[in-house]
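Please examine the sequence and the model below. The paragraphs that follow take its parts in turn.

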Amino acid sequence: MTNSVSTLPAWKHLGRLAQSVASISECAEDAVRNDRLTLHAAGIDADLRKQRLSNEVIDGLLDLAREVSLEDRRNALLRGDHVNTSEDRPAMHTALRTPAGAGLPEFEPHVQAALAAMSELAQKLSAGELRGATNRAITNVVHIGIGGSQLGPELAVRALPGTGRFNIQFVANIDGHAISTALANCDPERTAIIVVSKSFSTLETLRNAEAARAWFLERGFTIADIARHFFAISANVQEAARFGIPAENVFPMWDWVGGRYSVWSAVGLPIALACGPKAFADMLAGAHQMDQHFAQAPLAENLPILAALTGIWNSNFLGANNHAVLAYDERLALLPLYLQQLETESNGKSVRLDGQPVDVQTMPILWGGVGTTGQHAYHQLLHQGTRAFSADFIIAASPDHPLSDHHRWLQANALAQSQAMMIGDDQPQAEKRVPGNHPTTTLVLERLDAYHLGALLALYEHKVFCQGVIWGINSFDQWGVELGKRLAGPIYQQLGGTAALNQDASTQHLISRLRASQTNG
């Protein structure tokens with residue numbers, strides 16, 4: 001597609017429909033429409049019936065998918081075409097979870113070898129066969145990475161039941177409190193460090209890794225000793241070796257896997273350590289099952305595609321420029337943060353694939369939290385505020401604890417909140433009125449285990465790709481992230497007094513203010 005999506009007949013037709021589409025409650029009176037909006041894939045039941053979608057709108061959205069050749073673009077992604085056009089490479093994160101014998105020959109041997117090595121390491125550390133420099137078993141693991149190198153593994157470790165074998169901590173921020181706090185209660189003889197950076201040059205990761213290395217050295221360890229405590233996941237084996245991590249302790253990352261899609265690779269090592277290699281394998285299996293659904297289900301029954309089209313309808317035609325992820329499971333507290341990176345870094349773009357500026361809105365603001373705590377905070381804004389929004393509710397059908405009454409109340413609140421957002425409350429007193437008619441989707445996982453978590457994350461990955469195709473943007477680069485990194489270097493030198501001040505007035509004033517504090521301190 002070379003022209004803007006806004007020029008397509010289906011887009012213009014949807015624009016006309018948006019002027020007169022009925023309320024959600026009125027749309028939901030159509031039984032045929034309700035059947036079309038109840039989907040199932042990879043153990044996830046999706047109820048889209050609380051969306052402001054009529055049969056005519058659904059048909060128009062499916063026409064839009066056909067006009068942008070969405071199925072062809074999906075097939076190109078899955079067969080390894082160079083869909084990441086600005087970096088001229090494929091985006092083959094799906095290959096990371098494809099079973100042996102079913103993958104593309106170009107990728108499968110590398111993937112299977114890395115996964116086998118990762119599983120072997122996890123088993124040896126868990127069994128105490130692989131020990132530290134003083135021959136003591138490892139019990140503490142500090143995972144150092146940022147962005148996709150940290151958010152995915154930490155989400156899974158927090159969400160899934162652990163074996164209790166390791167105390168695993170995650171460090172991402174360059175704020176010194178993060179690494180200092182993580183190491184404070186660790187015994188260096190029993191601590192392993194995992195450093196994750198594709199280039200082995202990521203500023204935050206390298207500085208935190210250097211601080212961890214210094215922590216070992218200050219406690220009498222040598223560089224040779226450290227080699228038995230440090231592991232890396234990187235494409236730059238040479239730089240890892242310079243740091244002190246031997247090649248046999250380095251697991252691969254590949255150019256054809258973006259950081260925010262890397263949890264399925266050796267980046268998921270903390271999951272295998274905390275929850276066991278089988279749990280990690282189950283995550284891969286759930287994601288692969290969603291991949292299969294995405295690849296094979298017809299447009300009108302394809303959950304990732306319908307989710308993407310629904311998001312397009314809400315943000316581009318109904319003006320919902322905020323999307324809330326409301327997870328009714330405490331174990332998914334980090335899911336909104338994970339999805340913020342996945343979705344906004346992927347689709348927060350303003351330039352089309354052909355280099356022209358987009359002329360439609362792209363990624364809405366994504367945020368969220370955990371129910372029911374959010375009901376006592378920002379749900380007031382959702383129910384009676386002035387901003388248009390859409391929301392996803394995520395529920396586990398079965399609990400993994402014995403407090404069944406708690407779980408029933410949790411589910412009741414989730415269903416009640418989505419219902420309230422749809423029907424509102426027409427009280428006679430104006431200050432008590434709740435307008436309703438806010439579109440929501442409810443995703444029900446049979447249970448929150450590794451398989452269903454993998455399927456859930458893959459669902460959102462595919463939704464993101466489909467929306468990028470429709471907007472005509474590249475979901476796999478992140479040039480905006482690089483700008484702040486470039487600007488930080490000179491400011492760092494100026495804060496240290498080793499470079500002349502030559503900034504804008506505000507930044508120069510702030511540098512001077514911070515330098516004065518350093519001097520006075």
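In this predicted model, helix 7 (148–159), helix 9 (203–217), helix 15 (335–347) and helix 19 (479–495) each contribute at least two residues to the lining of the largest pocket. Helix 19 provides the largest share of that lining, with eight residues. The lining comprises 40 residues in total, and those nearest the centre of the pocket are Ile146, Thr202, Val481, Glu482 and Lys485. By class, 15 of the lining residues are nonpolar, 15 are polar and ten are charged. The space within this largest pocket amounts to about 1,100 Å³.

The discussion now turns to the packing of nonpolar residues. In soluble globular proteins, nonpolar side chains tend to be buried together. The largest nonpolar core of the model holds 120 residues, and Leu64, Trp313 and Leu335 are the members that touch the most others. Helix 18 (residues 450–471) supplies the largest share of this core, namely 14 residues. Another core lies apart from the largest one; it has 23 residues, including Val142, Ile144, Phe221 and Ile226.

A set of paired strands comes next. Strand 1 (residues 38–41) and strand 2 run antiparallel and are joined by four bridges. Across this pairing, Thr38 stands opposite Asp47 of strand 2. The two strands form a hairpin with two residues between them, where Ala42 adopts a positive phi near 50°. Strand 2 is also joined by four bridges to strand 11 (residues 440–447), again in an antiparallel arrangement. Here Ile44 has Leu445 of strand 11 as its bridge partner. The two faces of strand 2 (residues 44–47) stand in contrast: Ile44 and Ala46 make up the covered face, whereas Asp45 and Asp47 make up the uncovered one.

Gly244 is located in the loop between helix 11 (237–243) and strand 7 (250–251). Is this residue, Gly244, buried or exposed? Gly244 has a relative accessibility of 13% and therefore counts as buried, since the cut-off for that class is under 20%. Between Gly244 and Thr191 the separation is 53 residues in sequence, and their C-alpha atoms are 16 Å apart in space.

Technical notes:
Residues numbered from 1 in each chain as written. Predicted model: local features only at pLDDT ≥ 70, side-chain atom pairs only at ≥ 80, totals over all residues. Heavy atoms only, no water. Core = buried A, V, L, I, M, F, W, Y, C linked by side-chain atoms within 4.5 Å. Buried < 20%, exposed > 50% of the residue type's maximum accessible area, 1.4 Å probe, protein only. 1 Å grid on protein atoms, 1.4 Å probe; cavity = no way out; pocket = protein on both sides within 12 Å on 5 of 7 lines; lining within 4 Å. Points joined across faces, edges and corners; volume = space filled by probe spheres on them. Nonpolar A, V, L, I, M, F, W, Y, C, P; charged D, E, K, R; others polar. Pairing = 2+ DSSP bridges.
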